There are 2 protein chains.
Amino acid sequence: MRTRIKELRARYDMTQEDLAKKVGVRRETIGFLEKGKYNPSLKLAYKVANTLETTIDELFIFEDSDLEQ
Amino acid sequence: MRTRIKELRARYDMTQEDLAKKVGVRRETIGFLEKGKYNPSLKLAYKVANTLETTIDELFIFEDSDLEQ
DNA sequence: AACAAATGTTAGATATAGATAACATAGTAA
DNA sequence: TTACTATGTTATCTATATCTAACATTTGTT
């Protein structure tokens with residue numbers, strides 16, 4: 001799974017910390033998300049998408065390999 | 001947050017167990033999701049949406065109150 | 001009625017998301 | 001150079017999603 005968080009965040013000229021504050025999580029959490037280091041909860045995914053004025057399906061891109069297991 | 005899982009599952013004439021097997025989780029997990037008893041991971045949300053041939057944003061409906069905290 | 005299938009619900013265990021704090025690294029500006 | 005800001009990364013901790021197993025309740029069918 002990859003994400004367009006970094007791309008959209010840059011478009012809004014926000015730092016990881018700016019986004020984290022708006023979303024209500026830690027800066028590291030945003031960093032890990034951008035790196036694909038974990039699989040967020042749906043609620044967090046929604047909050048990030050909402051903050052970046054997009055949808056979950058636009059923000060997170062799944063690939064076939066994500067369906068395995 | 002509410003979900004249309006039950007509605008779509010009925011449309012495909014699937015039991016909770018049928019859906020659970022396709023998605024790779026337990027029947028209870030689907031039951032709890034339908035009841036809004038917890039907040040799934042993005043990956044699980046995607047798998048359920050994919051199995052029901054819809055998108056995450058169509059399947060899970062957020063309300064303003066979901067943004068609090 | 002009685003039986004079966006689907007769903008509800010609970011309790012305890014395990015895996016992992018996310019918090020926290022700390023330190024490292026890269027870039028930029030004085 | 002120093003200093004600062006943004007990001008990377010690690011380790012430990014806590015909260016919670018999900019598993020597992022069991023039993024209860026509902027609903028349909030005979």
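Chain B can be laid on chain A by a turn of 180° and a shift of 0.0 Å along the axis, with an RMSD of 0.0 Å (least-squares superposition on the C-alpha atoms of residues with pLDDT of at least 70 in both). The two copies are thus related as by a two-fold rotation axis. In chain B, Ser41(B) has the C-alpha nearest that axis, at 2.1 Å.

This is a predicted model, in which local features need pLDDT of at least 70 and side-chain atom pairs pLDDT 80 or more, while totals for chains, interfaces and linings use all residues. Residues are numbered from 1 along each chain as written, chains are lettered from A and ligands numbered from 1 in written order, and side-chain values use heavy atoms, without hydrogens and water.

**The protein pair**
- The copies meet through the same surface, because 100% of the interface residues of chain B are also interface residues in chain A (contact means heavy atoms within 4.5 Å).
- An unreviewed UniProt entry places "domain: HTH cro/C1-type" at residues 5–59 of chain A; such annotations may be inferred rather than shown by experiment.

- An N or O atom in the side chain of Gln16(A) is 2.7 Å from a phosphate oxygen of DNA strand D.
- For Arg26(B), a polar backbone atom is 3.2 Å from a phosphate oxygen of DNA strand D.
- Glu28(B) instead places a polar side-chain atom 3.0 Å from a base nitrogen of DNA strand D.

Key:
A polar contact is a pair of N or O atoms within 3.5 Å; within protein, one must be able to donate a hydrogen and the other to accept it, and residues adjacent in sequence count only if both atoms are side-chain atoms.
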